[in-house]
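Subject: Structure handover

Hi,

Here is the structure you asked about. Please open it alongside this note, which goes through what was found.

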Amino acid sequence: TGRAFKVQVAGPFTTSASVELTNGQRVLKDHGAVRDIVESTAEGVREHVAEVERRLGARVVVQLDEPMVGQVIDGTVKPLTRFDPIRAIPAVEVARALTELVDHVGVPVVLHDCGTPRWDLLEHLPGVAYSIDITTPSATDLDGIGMLVDRGGVLLAGRVPSTAPDRPLAAEHVATELAALTDRIGLDRKVLSDNVIVTPTCGLAGASTKWAKTALAITAEAGQLLGSDPSAL
């Protein structure tokens, strides 16, 4: 009771880029259908959150999985035929729809994207945490992380591999790398305890049971190290 409990769903734009209409076209092809998906997702998630809160007495956090949102913004979702391309949806329009969804759900929301981070989208989503793989961050990613943290946002830093690595991985190594990352960006290490949560790089569906347990143990220990005294790393 009172503990945080995360539920996750496919985001409306990844759903729209994946599901087909009766004519074989992607939902994304129909602006009205996309709107329906956004509104349906918002209401469905709101009801689900209320049910989880009622049953568990938990503080619910919602994770929206949007692995295809970059393709939606860039207009590269594969159409039914090459003669009937699917229009790109500008990042600001995607952000506006997601903001309406977040406001309707009414609990903290994490946007998870296992593709190339879309900072052009996130800059229009204040208050939404961002979950990304930061194993090899680019210069653009460093700027984006700085922007997110500067405005008080939360970074779910994907650093622990989703499947077992070839070499053993220690929590101290993960924590030290994140401390070095904040130094590169020029951030106070205090943000490591206030604005950063250590996570696997993506979901653990492809991991063995043994590695799933190990990965979660490493993230928990690394988080404790960052929360205790990050200046000592």
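Two strands count as paired here if DSSP finds at least two bridges between them. By that rule E3 and strand E4 (residues 129-133) are partners: three bridges link them, in the parallel sense.

One caution before the details: this is a predicted model. The protein averages a pLDDT of 94, and 100% of the residues score at least 70. Strand E3 (residues 109-112) has the highest mean, at 98. The lowest is in helix H8 (residues 191-194), with a mean of 92.

**The sheet**

Six strands form an open sheet. Their order is E1-E2-E3-E4-E5-E6, and the pairing is parallel. Which strands stand at the edges? They are strand E1 (4-10) and strand E6 (196-200). Each has a single partner strand, so one side of each is left without a neighbour in the sheet. On average, neighbouring strands are turned by 25° against each other, direction ignored.

Helix H2 (residues 31-56) packs on this sheet. H2 touches E1 and strand E2 (59-65). The direction of H2 makes about 155° with that of E1.

**Strand E4**

Leu111 has Tyr130 in E4 as its bridge partner. His112 has Ser131 in E4.

Now the other side. E4 runs parallel to strand E5 (residues 155-160), and four bridges join the two. Here Ile132 stands opposite Ala157 in E5. The two strands also belong to a right-handed β-α-β unit, made of E4, helix H6 (residues 139-150) and E5.

Is E4 enclosed or open to the outside? Four of its five residues are buried, so E4 is largely enclosed by the rest of the structure.

**Thr14**

Thr14 lies in helix H1 (residues 12-18). Its relative accessibility is 9%. The cut-off for buried is under 20%, so Thr14 counts as buried.

What does the side chain of Thr14 reach? It reaches the backbone nitrogen of Met68, at 3.1 Å. Leaving aside neighbours within four places in sequence, Thr14 is in contact with Asp65, Glu66, Pro67, Met68 and Val69.

Best wishes

How values were computed. Residues numbered from 1 in each chain as written. Predicted model: local features only at pLDDT ≥ 70, side-chain atom pairs only at ≥ 80, totals over all residues. Heavy atoms only, no water. pLDDT = per-residue confidence, 0-100. Axes fitted to C-alpha atoms, helices over the stretch in contact; angles between N-to-C directions. Contact = heavy atoms within 4.5 Å. Buried < 20%, exposed > 50% of the residue type's maximum accessible area, 1.4 Å probe, protein only. Polar contact = N/O pair within 3.5 Å; in protein donor to acceptor, adjacent residues only side chain to side chain. Right-handed = clockwise from strand over helix to strand, strands pointing away.
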